[in-house]
Amino acid sequence: FRELSVNQIMDCTWDYENNGCQGGEAGPAFRSLVDQKAKLALESEYPYIGVSGYCDRNIEHPVLEVEDCYKIEPKTKAVKEAVMKFGPASIGISVPDSMITYTKGLYNDTECYPTTSEMVHEVLLTGWKVIDGEEAWEVKNSWSTHWGDNGYIYIQLRNQEWNCGVTTDAKIPIIKVVN
């Protein structure tokens with residue numbers, strides 16, 4: 001498993017009114033990367049520092065280029081099928097106070113609404129699994145491996161009315177390997 005540089009994407013996609021840690025979103029970021037024909041690096045070459053900064057375009061070992069972006073239909077079945085077929089999806093989620101103190105198990109907060117005005121944090125949907133006897137979305141967060149369940153949260157999958165927005169605006173980049 002090779003992890004792409006999150007910081008490079010935050011640093012180098014400020015066009016399209018995308019604002020990195022101050023309001024960055026996957027759709028505009030992917031569009032920016034497509035238009036720039038940007039070559040992306042691995043995390044090891046362009047490490048995550050948790051803040052947006054200067055875009056370093058001198059990537060010594062680029063690994064891929066984003067060719068397009070696929071918006072997934074906002075339904076549980078469609079999101080599951082897309083993740084199975086194409087891999088992880090970029091999603092926006094809501095972040096109620098209860099999420100900040102999450103440590104493990106099934107996250108099931110009826111106040112975690114899926115409306116776009118509530119979805120303020122971009123994360124990675126890596127799949128789903130059974131947690132505490134129920135299906136849950138497996139979501140990788142950027143708040144470090146010290147948060148949540150080793151950096152992941154498992155959001156209840158059964159009820160879309162309080163799934164924190166997992167299925168509301170999921171996107172998958174179409175990529176081309178360059179190295």
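Aromatic rings of Phe, Tyr and Trp (its six-membered ring) count as a pair here if their centres lie within 6.5 Å. Keep that in mind for the first view; the model in every view is a predicted one.

**View 1. Ring pairs tie Y102, Y107, W143 and W147 into a cluster.** By this pairing rule the count comes to 6 aromatic pairs. Take W143 and W147: their ring centres sit 5.1 Å apart with the planes at 85°, so this pair is edge-to-face. W143 is partly exposed, at 31% relative accessible area, while W147 is buried, at 9%.

**View 2. Y152 and Y154 make a stacked aromatic pair.** Here the centre-to-centre distance is 6.5 Å and the planes are 15° apart. Y152 is partly exposed because its relative accessible area, 22%, is not under the 20% that buried requires. Y154, at 6%, does count as buried.

**View 3. The largest nonpolar core has 28 residues.** M99, L125, V139 and I155 are the members that touch the most others. At least two residues each come from α3 (76–86), β3 (89–94), β4 (106–107), β5 (119–131), β6 (134–140) and β7 (152–156). Helix α3 is the top contributor, with 4 residues. Zooming in on L125, and skipping residues up to four places away in sequence, we find it touching V79, V83, P88, A89, I91, W137, E138, V139 and V166.

**View 4. A second, separate core holds 10 residues, including A26, L33, V34 and V66.** Helix α2 spans residues 26–36, and its buried residues are A26, A29, F30, S32, L33 and V34. Those buried residues pack against α1 (6–11), β1 (39–40), β2 (64–71), β3, β5 and β8. Just past the end of α2, K37 adopts a positive phi of about 55°.

**View 5. Y70, F86 and I174 form a nonpolar patch on the surface.** Together the three residues have about 260 Å² of accessible area. I174 belongs to strand β8 and is partly exposed, at 32% relative accessibility.

**View 6. V178 lies in the segment after β8 (171–177).** With 31% relative accessibility, V178 is partly exposed. Leaving out neighbours within four places in sequence, V178 is in contact with K39, P62, V63, L64 and E65.

Methods:
Residues are numbered from 1 along each chain as its sequence is written. This is a predicted model: local features need pLDDT of at least 70, side-chain atom pairs count only at pLDDT 80 or more; totals for chains, interfaces and linings use all residues. Side-chain values use heavy atoms; hydrogens and water are left out. Buried means under 20% relative accessible area, exposed over 50%, partly exposed in between (1.4 Å probe, protein chains only). Contact means heavy atoms within 4.5 Å. Patches are made of residues with over 30% relative accessible area and no salt bridge: like charges are joined within 9 Å, nonpolar side chains (Val, Leu, Ile, Met, Phe, Trp, Tyr) within 5 Å. Accessible areas come from the Shrake-Rupley method with a 1.4 Å probe; for residues, only the protein chains shown count as cover. A salt bridge is a side-chain nitrogen of Lys or Arg within 4 Å of a carboxyl oxygen of Asp or Glu. A nonpolar core is a set of buried Ala, Val, Leu, Ile, Met, Phe, Trp, Tyr and Cys residues joined through side-chain atoms within 4.5 Å. Rings of Phe, Tyr and Trp (its six-membered ring) pair if their centres lie within 6.5 Å; planes under 30 degrees apart count as stacked, over 60 as edge-to-face and the rest as tilted.
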